[in-house]
Amino acid sequence: MELGLKNKNYFVAASSKGIGFGIAKALASDGANVLLGARNKEELKNASKQLSKYGGKITYETLNASEYDSIKSWVAYGVKELGSPDGLVLNAGGPKAGYFLDFDDEDWYSAFNLTLMSAVRLIREVVPYMVERKKGSVVAVTSTSVKEPIDVLLLSNVMRSGVTSLIKSLSIEYGKHNIRFNNLVPGRIDTDRVKSLDNLNAQKKGITVEEQQKYEYSQIPLGRYGNIDEIGKAGAFLLSDAASYISGVTLLVDGAKTKTVW
Ligand SMILES: NC(=O)c1ccc[n+]([C@@H]2O[C@H](COP(=O)([O-])OP(=O)(O)OC[C@H]3O[C@@H](n4cnc5c(N)ncnc54)[C@H](OP(=O)(O)O)[C@@H]3O)[C@@H](O)[C@H]2O)c1
């Protein structure tokens, strides 16, 4: 299926590697123009180089999703370089891992800023362009924790549930403007973040990382981790006109790991 993304502009937050990069790659490989963003400029440059072979315009600017000023300049840069955005991907690093009494107020506020407020602020900066054009698609990268809380990821569990509710609410509020909002839920996609969580869990249990991974695979009916291309294609689909009647959904890309019916 061709997604028809040539000459369309997508702003993808937290996209120098991992899931964000996977989505940017799927968009670029269909001919889209893409704005990349993350904190490390060298990694952005490298990611941009990898995507430029597809023929669309690929540009990048540093972005710290926890800081509103940074979000404002990143969006302004994208509009200047590419024009009005057709689509936006909400993504950022994951909040700190731990249990309830491990966290003080500062930890809670910083997770709030990184995960929930980054989504609020990115949408606030981008949505007026979409309203003006009466068209747009926003995809939030969240987690299976919005369906089943994940042990040790309390801050993620709580903040991402907020993002999920925000997305559903805006899918209703902005339907009349033909702007779609959807959640994309990764369930153990093989990235640096997952590697570091596997290391952490292996250390805690006193087992090897391989043993920890084997355990994780046993919890996933498809018996393996997903890769960034698999989730990238799902993200590009939701962002494209191929999904023009899909809004307000939470799409699991998790190898059937999540056991809830809805
Ligand atoms: N992988 C999974 O299976 C999985 C499952 C559930 C949820 N998630 C969530 O999905 C998101 C992406 O995860 P991933 O696995 O792709 O992680 P990853 O491989 O570690 O990649 C994270 C990307 O986000 C960027 N980033 C991190 N903090 C940022 C910030 N404050 N502002 C802007 N960019 C930032 C990183 O670049 P810089 O460091 O240079 O900024 C990098 O490009 C995370 O929130 C993660 O918790 C992932």
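Me: How many nonpolar, polar and charged residues does the shell around the ligand have?
Reply: This is a predicted model, in which local features need pLDDT of at least 70, side-chain atom pairs count only at pLDDT 80 or more, and totals for chains, interfaces and linings use all residues. Residues are numbered from 1 along each chain as its sequence is written, and side-chain values use heavy atoms, with hydrogens and water left out. Ala, Val, Leu, Ile, Met, Phe, Trp, Tyr, Cys and Pro count as nonpolar, Asp, Glu, Lys and Arg as charged, and the others, Gly among them, as polar. By class, the shell comprises 11 nonpolar, 11 polar and six charged residues.

Me: What distance separates a backbone N or O atom of N40 from an oxygen atom of the ligand?
Reply: A polar contact is a pair of N or O atoms within 3.5 Å. The side chain of N64 places an N or O atom 3.2 Å from a ligand nitrogen atom. For the backbone N or O atom of N40 and the ligand oxygen atom, the distance is 3.0 Å.

Me: What share of the ligand's exposed area does the protein bury?
Reply: Accessible areas come from the Shrake-Rupley method with a 1.4 Å probe. Taken alone, the ligand exposes 890 Å², and the share buried by the protein is 91%.

Me: Is K8 buried or exposed?
Reply: Buried means under 20% relative accessible area, exposed over 50%, and partly exposed in between (1.4 Å probe, protein chains only). K8 is found in the segment before β1 (9–12). Because its relative accessibility is 17%, K8 counts as buried.

Definitions and conventions. Polar contact = N/O pair within 3.5 Å; in protein donor to acceptor, adjacent residues only side chain to side chain. Helix = DSSP H or I, 4+ residues; strand = E, 2+ residues; numbered from the N terminus.
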